[in-house]
Amino acid sequence: MRKTLVFIVISILISGLASGQSKVDLQAQKQKAYDDLKLARELMEKTSAQRSSSVKQLSILQNGINTRARLITTLEAELNLAERSITVTESKIGQLTIENEKNKEEYARLIYYAYRNHTEYEKLMYLLAGATISQSYQRYKYLKYISEYRVQKANEIESLIVELDRQKNQLGLLKNEKLMALDEKEAEQGKLVGQRSQKSVMVNELKRKESQLRVEIREKERIAKEVESKIREIIEEEARKLNSDNIYGALTPEQELLGEDFKKNRGKLPWPVEKGIITVGYGRHEVPGLRGSNVQNNGVDITSTPGTEVRAVFEGEVTKVFAILGANYTVLIRHGEFLSVYQNLVNVRVKTGDKVLTKERLGEAFTDVSENVASVHFEVWQERSILNPEEWISK
């Protein structure tokens, strides 16, 4: 019986710990989503105060829609976790109740036996009735065991009652958490519907600005091609200086180690800004409100508040700082065989040849006065290949 009680308590502790870890993860995801939604709302208010519907506004709104959808998924996971925890807790209460009833029955039998032998005279007669001294001694040990076992059972019953009360209180809390998560989910679903309606209105407004949008797209494509061409030119120049087609093959042991460290941190690199949202992701995208458009993005466009500082995502050496008309300054940092690219900077603080540390400030993200938000374009290269930076920075 005691082993059963220990097993139940241990299983309760283990399952509680596992649930706690999952709950912590979900709470962190939920808080991140709320922080992103707050920033998106703040940026939306800044842009809408400056001008009517724009691609930037729609991108910020779309980010908010995507973030809210992820939040709803997290809330659904919280609901599922609460339901599983409720089921497990109810099962534990059932096990504890059965075990408690068994203990009570056994304790009742012990009390009955003790009642039949409750006086010292009766105990003495029971001992003297033994056929031999050895048998009398065994009877003495038995009486002692019965007495100790009765105390043990009483303690077990008391412990089970305390644990039952605790589990019932936990069950009440879990049911309250489930109701709160359900209310939260329904509220967010309502907001999501509102955001999607707002998006439809903005898309229709942008459709009436087709000629203006096409001019903006051509300008962005020009900038992207110039930046890519300049980076490739710099890479080839480095190769010529090293007299090697394979830059990695010409790296020093220190540079190789730095590249390996950079590679090990894939998915864990800090963002190039302390606070921001991705408004245009990596790859090909159709411009909202302009059907048939197909624009390639070699990195990610991150939008933040005016005055946002841009920082290095990893330690390395500044390979080049150059300017592109319409895109301000671009900073290239080499990390062994890898390059991190920071475009659309002003007030640049570094120069070619500088050694920088992780999160060291490089400059300031340019603020478009017509939108009243700051933006930075970020890329990751390996040798001559363009990588998806969303796979390298932390989620």
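Reader: What stands opposite T303 in β11?
Author: S375 does. Keep in mind that this is a predicted model.

Reader: OK. How many bridges join β4 and β11, and in which sense do they pair?
Author: Five bridges, and the sense is antiparallel.

Reader: And β1, how does that strand pair with β4?
Author: Strand β1, residues 277-280, pairs with β4 in the antiparallel sense too, over three bridges.

Reader: Is strand β4 mostly covered or mostly open?
Author: Mostly covered. Four of the five residues in β4, which spans 300-304, are buried.

Reader: Switching topic. How many salt bridges does the structure hold?
Author: It holds 16 salt bridges.

Reader: Why would side chains pair up like that?
Author: Side chains of opposite charge can pair when their charged atoms come close.

Reader: Give me one. What does E78 meet in a salt bridge?
Author: The side chain of K30, at 3.3 Å from N to O. The two sit in distant parts of the chain, 48 residues apart: K30 is in helix α1 (residues 2-50) and E78 is in helix α2 (residues 55-116).

Reader: Are those two buried or exposed?
Author: E78 counts as buried because its relative accessibility is 11%, and the cut-off for buried is under 20%. K30 is also at 11% relative accessibility, so K30 counts as buried.

Reader: Which residues are linked with K30 in a network?
Author: E78 and E184; salt bridges link the three.

Reader: Next one. What does E236 form a salt bridge with?
Author: With R384, and the closest N and O atoms are 2.6 Å apart. E236 lies in helix α5 (residues 210-242), while R384 lies in the loop between β11 (373-382) and β12 (385-387), so this pair ties together parts 148 residues apart in sequence.

Reader: How exposed are they?
Author: E236 counts as partly exposed at 32% relative accessibility. R384 is at 29% and counts as partly exposed as well.

Reader: One more. Where do R349 and E309 lie?
Author: R349 is in the loop between β8 (338-346) and β9 (355-356), and E309 is in strand β5 (residues 309-311), so their pairing ties together parts 40 residues apart in sequence. Their side chains meet in a salt bridge of 3.3 Å, N to O.

Reader: What is the relative accessibility of R349?
Author: 46%, so R349 counts as partly exposed. E309 is partly exposed too, with a relative accessible area of 26%.

Note on methods: Residues numbered from 1 in each chain as written. Predicted model: local features only at pLDDT ≥ 70, side-chain atom pairs only at ≥ 80, totals over all residues. Heavy atoms only, no water. Salt bridge = Lys/Arg side-chain N within 4 Å of Asp/Glu carboxyl O. Buried < 20%, exposed > 50% of the residue type's maximum accessible area, 1.4 Å probe, protein only. Pairing = 2+ DSSP bridges.
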